[in-house]
Amino acid sequence: MKKKWWLDTVVYQIYPKSFMDTNGDGIGDLKGIIRQLDYIERLGVNVIWLNPVNRSPMRDNGYDISDYYDIDSSLGTREDMEELICEAGKRHIKILMDLVVNHVSCEHKWFQDVLQNPESPYRDYFIIRETADGNAPNNFRNYFGDSVWTRIGNSNRFYFHTFAKEQPDLNWENPLLRQEICDIILYWQSKGIAGFRIDAIGNIKKSEKILSECKVPADGEDGLANGDDYLLNQPGIGEFLGELRDKAFKPYDSMTVAEVSVPQKDLEAYIGENGFFSMVFDFSYADIDTNGIIKPCEFAPWDLKDLKHCIYQSQEDTQKVGWAAPYLENHDQPRSVNKYLPDGEIQYYSITMLGVLYFFLRGTPYIYQGQEIGMSNYPFHDIRQFNDIGALATYKRAMDAGDSEEKIMDYLRRRSRDNARTPMQWSDEPYAGFTEGSPWMPVNPNFKEINVKREEADEKSVLAFYKKMIRLRRKSEYKEAIVYGFFEGIETNEAEDFIYKRIAENQEVLVTINYASRRRPWCVERADYDILLNNYDSIESEMQPYQAVVFGKK
C-alpha cells in the first residue's frame, strides 16, 4: 500500500458525555476534552475520534442528529469545537468526527417540515409509504426490536426507520439529499476535521422487499420478522459510496473508518487502493458472543479457537486488499476485560495480554476511553439504571417473550452498551473526578482502585503498559514491521497459543501470548530475537499465566 498519513496513527476514541465535565452539570463537554489534551498527548496517540457532538435531542445519545452544522448545547459551542481542533493540532493530534447519515433525528428541520406539510420539499429526503388499508406496509423488525414503520399522525402514511422511531432514515436514492450530505462533510473538513468514523453506512441502501407492501412469516411473539438481510450492503450501494468518496472525502485526503460488515468478496471495493473508505471495522470477533443470534438475551457459544480463527482470518483477508482497524472496545460494546476474560481472572497480566493481542495486528489500532486503565463493566442491578435506548428495547422485547428478569439483567450486565458509557475514572475523588455535579450515568464503584491518577503514578500499571505499546508502535526502530509489515498467523495444537508475526523487508516482529491462567511451555523458537516488550519482568523456562511478549529481530 501507499504510505498514507493515516497508516501511522493510533486512535483514541472519546465518548464526550462521559469523558470530562467542566461546568458541573454531570455531562461531559468539549471543554473537558480540551482540559485533558495533555493527558491524551502523554498517552502517545495522534488521532482522536469523537462520538457525535452535533445538536441532538439525545434519544440515542447523539446518534439522532437534529442539526449537522451545530454543536449540542449540552456539550459546548461551535467555538469550543474550533478551539478543540486548534489545541489538538498544537499537540500534533488530529480529530475525527462521527458521521451519522443513515438517519436523522425526528426533530431535524427536514423531518419536521414533512410532518407539517405532506407536500414538503423535503418529503423525498425520507422513505415514506402510504397504504390503502391504513396498516403498516409490512411486518419487518428494526434493529431495536420494533417495526421499521411508524405512522405519520392520523394519516395512512408511514415513515421507515432502521433504528428507533425517533430516527427516520434518509432516502439516499435522492440526489439532492446526497448533495446535502456531501456539503455537511466538506463543511467540517473546512474547519479542520481530518476525517470521519461513518455510522451505519451499510444501511443506506434498502432492498425493495423491505420497502414493499408484503407480510412475511414472523420469527417472534411480536409478529415481526428480522429484516437484516434486506438492510445491509444491498446491491447498488457502491454507487452511493463511490460518490461520497469522490465528492466529499478525496478533496481533503480524509481518514475514514466505516461501521459496516463487509463480506470478503467485497472488501477490495471498500478498502482497496481506490476503496470507498480508508478502513472498516470488523465485527467477527467483537460480536463473537452474539453473532447469529436473533432472540433477545441469548449468547452465542465461543472458545479460544473461535476467537483465534476470527482474528487471523480477518487479518489475512484484509491485508490482501487494504487496511484494518483493530479494536477491543467502543461505545457499542461492553468492556473487553469482561467479554474476553473469565470471571475472577481480570488483573494486570490478563488485561495487558489482551492489549498485546490486538494492538500489534496489522492496521490502525483504536483505544476506547478507559480501556487504557482497565475499566470494567458496571454492576447494574435495576433496569432503571440503564440509559441506552437499545438496552431498554431489549428488556421490553425479552419481557414480552417471557424471559425472566434474572436472565435479562444478567444479559444486560454482560452485554449492554451502557457498560462503556459510565464516566471516565480520573481519580479517587468523588465521582472519579469526572464532575463536581451529579453524573448523567453512574460511576463504577471500583474507581478508587482503577483511575488515571493512580495509574500514572505506578510504573507497573495498565496505563503505563499501554504507553509502552503505543511508543513501540510509533517511535521504535521496529516501526517498519509493526506498522507496515505483513501479518502471518502461526498455528499450534493448543488453543491458548496466540502467536503471530509482522514481517517487513529487513525486520520481523514476533508476538507470543499465553492466553491461559497457568504456566505453559514455550511453543516458538525465540533464540534469535530481542525482547521488545514483556508484561512480566523476565523470561522464564515456561510462559507465565497470561504472559505476552513482543520479540524483534533484524
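The exercises below work through a predicted model of one protein chain. Local features need pLDDT of at least 70, side-chain atom pairs count only at pLDDT 80 or more, and totals for chains, interfaces and linings use all residues. Residues are numbered from 1 along each chain as its sequence is written, and side-chain values use heavy atoms, with hydrogens and water left out.

**Exercise 1.** Determine whether the radius of gyration of the protein chain agrees with that of a compact globule.

Solution. Step one: the radius is taken over C-alpha atoms, and the globule rule is 2.2 Å times the number of residues to the power 0.38. Step two: for 554 residues the rule gives a value near 24 Å. Step three: the chain has 23 Å, which agrees. The C-alpha atoms fill a box of roughly 75 × 50 × 50 Å along the principal axes.

**Exercise 2.** State the secondary structure content and the share of buried residues.

Solution. Step one: helices (H or I, at least four residues) and strands (E, at least two) are DSSP runs, numbered from the N terminus. The chain has 16 helices and 21 strands. Step two: buried means under 20% relative accessible area, exposed over 50%, and partly exposed in between (1.4 Å probe, protein chains only). Buried residues make up 62% of the 554 residues.

**Exercise 3.** Describe the nonpolar cores.

Solution. Step one: a nonpolar core is a set of buried Ala, Val, Leu, Ile, Met, Phe, Trp, Tyr and Cys residues joined through side-chain atoms within 4.5 Å. Step two: the largest core has 158 residues, of which Met81, Ile201, Phe360 and Tyr515 touch the most other members. Helix H11 (residues 348-359) gives the most to this core, with eight residues. Step three: contact means heavy atoms within 4.5 Å. Step four: a second, separate core of 11 residues includes Ile127, Val148, Phe160 and Leu231.

**Exercise 4.** Classify Thr290 and Met255 as buried or exposed, and place each in the chain.

Solution. Step one: Thr290 lies in the loop between strand E13 (279-280) and helix H9 (304-319). At 18% relative accessibility, Thr290 counts as buried. Beyond residues up to four places away in sequence, Thr290 touches Ala300, Tyr411 and Arg415. Step two: Met255 is in strand E12 (residues 255-258). Met255 has 0% relative accessibility and therefore counts as buried. Step three: Met255 and Leu7 are 248 residues apart in sequence, yet 9.3 Å apart in space, C-alpha to C-alpha.
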